[in-house]
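Please open the structure in your viewer and keep the sequence at hand.

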Amino acid sequence: YTFSIYLLYFLFYSFLGWIHEFFFFLVTEKRFRNGGIVIAPLLPVYGIGAVSILLLLQPYVHNPFAIFVLSVILASVVEYI
């Protein structure tokens with residue numbers, strides 16, 4: 001059950017990231033540009049980042065400042081990799 005929930009999170013955030021980049025390129029370059037590495041409308045880096053934040057930052061759920069700082073660091077590491 002837990003695996004399927006995180007798989008759905010991964011797919012949802014991957015799709016949301018693709019939508020975000022689609023509109024970003026549409027506005028800035030005024031053309032369609034598929035920024036992903038896969039054929040489907042998904043960008044796995046957004047899904048991996050979101051799921052890693054959800055999994056690794058559970059202990060800090062009551063500290064908004066720590067969540068913010070650690071999310072920035074974790075998302076940067078995922079993007080760099």
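**A lysine in the loop**

Begin by selecting Lys 30, which is exposed, with a relative accessible area of 69%. The cut-off explains the label: a residue counts as exposed because its relative accessible area is over 50%. Please note that the model is predicted. Lys 30 lies in the loop between α1 and α2. As a general rule, most residues other than glycine have a negative phi.

**The whole chain**

How many helices and how many strands does the chain have? The secondary structure consists of three helices and zero strands, and along the sequence the pattern reads α-α-α. Taken along the principal axes, the box filled by the C-alpha atoms is roughly 40 × 30 × 20 Å. Of the 81 residues in the chain, 20% are buried.

**The salt bridge**

Next, select Glu 29 and Arg 31 and show their side chains. These two residues form a salt bridge, in which the closest N and O atoms are 3.2 Å apart. The structure holds one salt bridge.

Select Arg 33, which is placed in the loop between α1 and α2. Arg 33 is partly exposed, and its relative accessible area is 35%.

With a relative accessible area of 33%, Ala 40 is partly exposed. How far is Ala 40 from Tyr 80, C-alpha to C-alpha? The two are 22 Å apart in space, while 40 residues separate them in sequence.

**The largest pocket**

Keep Val 78 selected, as it is one of the residues that line the largest pocket. The pocket has a volume of about 150 Å³. The elements giving two or more residues to its lining are α2 (44-56) and α3 (64-80). Which element supplies the largest share of the lining? That share, four residues, comes from α2. Colouring the lining by residue type shows six nonpolar residues, one polar and one charged.

**The nonpolar patch**

For the last stop, switch to a surface display and select Phe 3, Leu 7, Leu 8 and Leu 11. Together they make a nonpolar surface patch of about 420 Å². Leu 11 belongs to helix α1, which covers residues 2-29. Why does Leu 11 count as partly exposed? Its relative accessibility is 36%, and the label of partly exposed applies because this value lies between the cut-offs, under 20% for buried and over 50% for exposed.

How values were computed:
Residues are numbered from 1 along each chain as its sequence is written. This is a predicted model: local features need pLDDT of at least 70, side-chain atom pairs count only at pLDDT 80 or more; totals for chains, interfaces and linings use all residues. Side-chain values use heavy atoms; hydrogens and water are left out. Patches are made of residues with over 30% relative accessible area and no salt bridge: like charges are joined within 9 Å, nonpolar side chains (Val, Leu, Ile, Met, Phe, Trp, Tyr) within 5 Å. Accessible areas come from the Shrake-Rupley method with a 1.4 Å probe; for residues, only the protein chains shown count as cover. A salt bridge is a side-chain nitrogen of Lys or Arg within 4 Å of a carboxyl oxygen of Asp or Glu. Buried means under 20% relative accessible area, exposed over 50%, partly exposed in between (1.4 Å probe, protein chains only). On a 1 Å grid over the protein atoms alone, a cavity is a set of points where a 1.4 Å probe fits but cannot get out, and a pocket is an open set with protein on both sides within 12 Å along at least five of seven lines; lining residues have an atom within 4 Å of a point. Grid points are joined across faces, edges and corners, and a volume is the space filled by probe spheres set on the points. Ala, Val, Leu, Ile, Met, Phe, Trp, Tyr, Cys and Pro count as nonpolar, Asp, Glu, Lys and Arg as charged, and the others, Gly among them, as polar.
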